[in-house]
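Visitor: I would like to go through the labels on this model and ask what stands behind each one.
Guide: Go ahead, and take them one at a time.

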Amino acid sequence: MHLECPLRLQLEANGGFETAARWLPLALRSRLTAAIDELLCVNLSPASLLDSGFAARLRGLLQQRPGEARQLWLELPEAAAVEHFDLVQELSRQLRPQGARFGLEHAGERLGRIERLFEAGLDYVKIDASVVHGADADEARAGFLRSLVLMLHGLSLQVIAEGVDTDAEAVAVRQAGVDGLTGPWASRQRADLLG
């Protein structure tokens, strides 16, 4: 079990902490995503890849804190690997020797467009909630999920289902062979465990 915490930024002194939906467009327009991601965001922005020094600076930060680096799971959206495969591969080369795990999130139908996925240097892939939702009631969706899991396991990658909402979805993704899951269902289970 690991805990994900969405990043919130305080944009004004004594102001509230804003969600990424509010500050990320500002960061993108101002080309500040690399600076924000260097504060060790777990969900890295594809725009940060375009900063030529980002991977090396992030590697340096991880080298300074090897214990924490081994506990981090850093990820980029699937779109980053589709659009900037070589940059994703280079980031992996920089991060993995530091002990951090590296993966893709929000993955689904575009995975097939990543021709050399096996060369990306990934540890895991998170399957998007849009693929997961309804896998309990739609055999075509469940079959697609099973085929994704089979392909990714064939590349020795862990597979995590995102956005699992119901008991039935949790059963369906487990039957598809996923290694882990996230979403409201998992949050409820965690809350029950912690009492």
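Visitor: What makes arginine 146 and glutamate 139 a salt bridge?
Guide: The model is predicted. In it, the closest N and O atoms of the two are 2.5 Å apart. The cut-off is within 4 Å, between a side-chain nitrogen of Lys or Arg and a carboxyl oxygen of Asp or Glu. So the pair qualifies as a salt bridge.

Visitor: Why is glutamate 139 called exposed?
Guide: Its relative accessibility is 54%. Exposed means over 50%, so the label holds for glutamate 139.

Visitor: And why is arginine 146 called partly exposed?
Guide: Arginine 146 has a relative accessible area of 36%. Buried needs under 20% and exposed needs over 50%. The value falls in between, so arginine 146 is partly exposed.

Visitor: How many salt bridges are there by this rule?
Guide: The count comes to 10. One of them joins the side chains of lysine 126 and glutamate 75, at 3.2 Å from N to O. Lysine 126 lies in strand S5 and glutamate 75 in strand S3, so the pair ties together parts 51 residues apart in sequence.

Visitor: Are lysine 126 and glutamate 75 buried or exposed?
Guide: Buried. Lysine 126 has 2% relative accessibility, and glutamate 75 has 1%. The cut-off is under 20%, so both count as buried.

Visitor: What about arginine 96 and aspartate 123, which salt bridge do they make?
Guide: Their side chains meet at 2.8 Å, N to O. Arginine 96 is in the loop between helix H7 and S4, and aspartate 123 in the loop between S4 and S5, 27 residues apart. Aspartate 123 is buried at 14%, whereas arginine 96 is partly exposed at 37%.

Visitor: Why is strand S4 called largely enclosed?
Guide: 5 of its 7 residues are buried, so the rest of the structure largely encloses S4. S4 pairs in the parallel sense with S3 over 5 bridges, and with S5 over 3 bridges, also parallel. Leucine 76 stands opposite leucine 104 in S4.

Visitor: How do you know that the buried residues of helix H10 lie on the same side?
Guide: They are Glu169, Ala170, Ala172, Val173 and Ala176. They cover an arc of only 165 degrees around the axis, which puts them on the same side of H10. On the other side, Asp167 and Gln175 are exposed.

Terms used. Residues numbered from 1 in each chain as written. Predicted model: local features only at pLDDT ≥ 70, side-chain atom pairs only at ≥ 80, totals over all residues. Heavy atoms only, no water. Buried < 20%, exposed > 50% of the residue type's maximum accessible area, 1.4 Å probe, protein only. Helix = DSSP H or I, 4+ residues; strand = E, 2+ residues; numbered from the N terminus. Arc of directions from axis to C-beta. Pairing = 2+ DSSP bridges.
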